[in-house]
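Work through the exercises below with the model open beside you. Each task is followed by its solution in steps.

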Amino acid sequence: MAYGNHNKKISIMLEIRTVCEHCGKSLPNNSKEAMICSFECTYCKTCAQELFENVCPSCGGNFQPRPIRPKEMLVKYPPSIKKILSRKEQKQINTMKLKYVKLKPEER
């Protein structure tokens, strides 16, 4: 929970992006395949673990399983309808992996 002007609470929600930003695989809210970095870059488990080797090609961070939003909260806080598909070039993937893959996430 964050606080805005005059200590008023502001709710900040995960976007719950519904496609892998690299390969386009469907990742609905209840998907156990969705992985995110600290900036909410969203990828399928295959891209995050096998292709990127747990190094986000955008920020160099690591990936964690994306939380599943409870069904009763989906009406008030639905998943994002925005489809982000930003296939990464192999050069960008390799640059980030070379820089970070041998470092533990807490050391990056």
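**Exercise 1. Aromatic pairs**

How many aromatic pairs does a search of the whole structure find? Classify the pairs that involve Phe52.

Solution. The model is predicted.
- Step 1. The search of the whole structure returns three aromatic pairs.
- Step 2. Take Tyr43 and Phe52. Their ring centres are 4.9 Å apart and their planes meet at 80 degrees, so this pair is edge-to-face. The cut-off for that class is over 60 degrees.
- Step 3. Take Phe52 and Phe63. Here the centres are 6.4 Å apart, with 25 degrees between the planes, and the pair is stacked. Stacked requires planes under 30 degrees apart.
- Step 4. Locate the stacked pair. Phe52 and Phe63 both lie in the loop between helix 1 and strand 5 (64-65), so the pair ties together parts eleven residues apart in sequence.
- Step 5. Tyr43, Phe52 and Phe63 make up one aromatic cluster.

**Exercise 2. The nonpolar core**

Which residues have the most contacts inside the largest nonpolar core?

Solution. 
- Step 1. The largest nonpolar core has 14 residues. Those with the most contacts inside it are Cys20, Tyr43, Cys47, Phe52, Cys56 and Phe63.
- Step 2. Assign elements. Strand 3, strand 4 (42-44) and helix 1 (45-51) each supply at least two core residues.
- Step 3. Check burial. Tyr43 has a relative accessible area of 0%, so Tyr43 is buried. Phe52 is also at 0% and counts as buried. Phe63 is buried too.
- Step 4. Follow Cys47. Setting aside residues up to four places away in sequence, Cys47 touches Cys20, His22, Cys23 and Phe52.

**Exercise 3. Cysteines**

How many disulfides does the structure hold?

Solution. 
- Step 1. The count is zero disulfides.
- Step 2. Cys20 is at 0% relative accessibility and counts as buried. Cys23, at 39%, counts as partly exposed.

**Exercise 4. A loop threonine**

Solution. 
- Step 1. The cut-off is under 20%.
- Step 2. The polar partner is the side chain of Lys83, at 2.7 Å.
- Step 3. List neighbours beyond four places in sequence. Thr18 touches Lys25, Ser26, Leu27, Pro28, Pro79, Ser80 and Lys83.

Definitions and conventions:
Residues are numbered from 1 along each chain as its sequence is written. This is a predicted model: local features need pLDDT of at least 70, side-chain atom pairs count only at pLDDT 80 or more; totals for chains, interfaces and linings use all residues. Side-chain values use heavy atoms; hydrogens and water are left out. A polar contact is a pair of N or O atoms within 3.5 Å; within protein, one must be able to donate a hydrogen and the other to accept it, and residues adjacent in sequence count only if both atoms are side-chain atoms. Contact means heavy atoms within 4.5 Å. A nonpolar core is a set of buried Ala, Val, Leu, Ile, Met, Phe, Trp, Tyr and Cys residues joined through side-chain atoms within 4.5 Å. Buried means under 20% relative accessible area, exposed over 50%, partly exposed in between (1.4 Å probe, protein chains only). Helices (H or I, at least four residues) and strands (E, at least two) are DSSP runs, numbered from the N terminus. Rings of Phe, Tyr and Trp (its six-membered ring) pair if their centres lie within 6.5 Å; planes under 30 degrees apart count as stacked, over 60 as edge-to-face and the rest as tilted. A disulfide is a pair of cysteine sulfur atoms within 2.5 Å.
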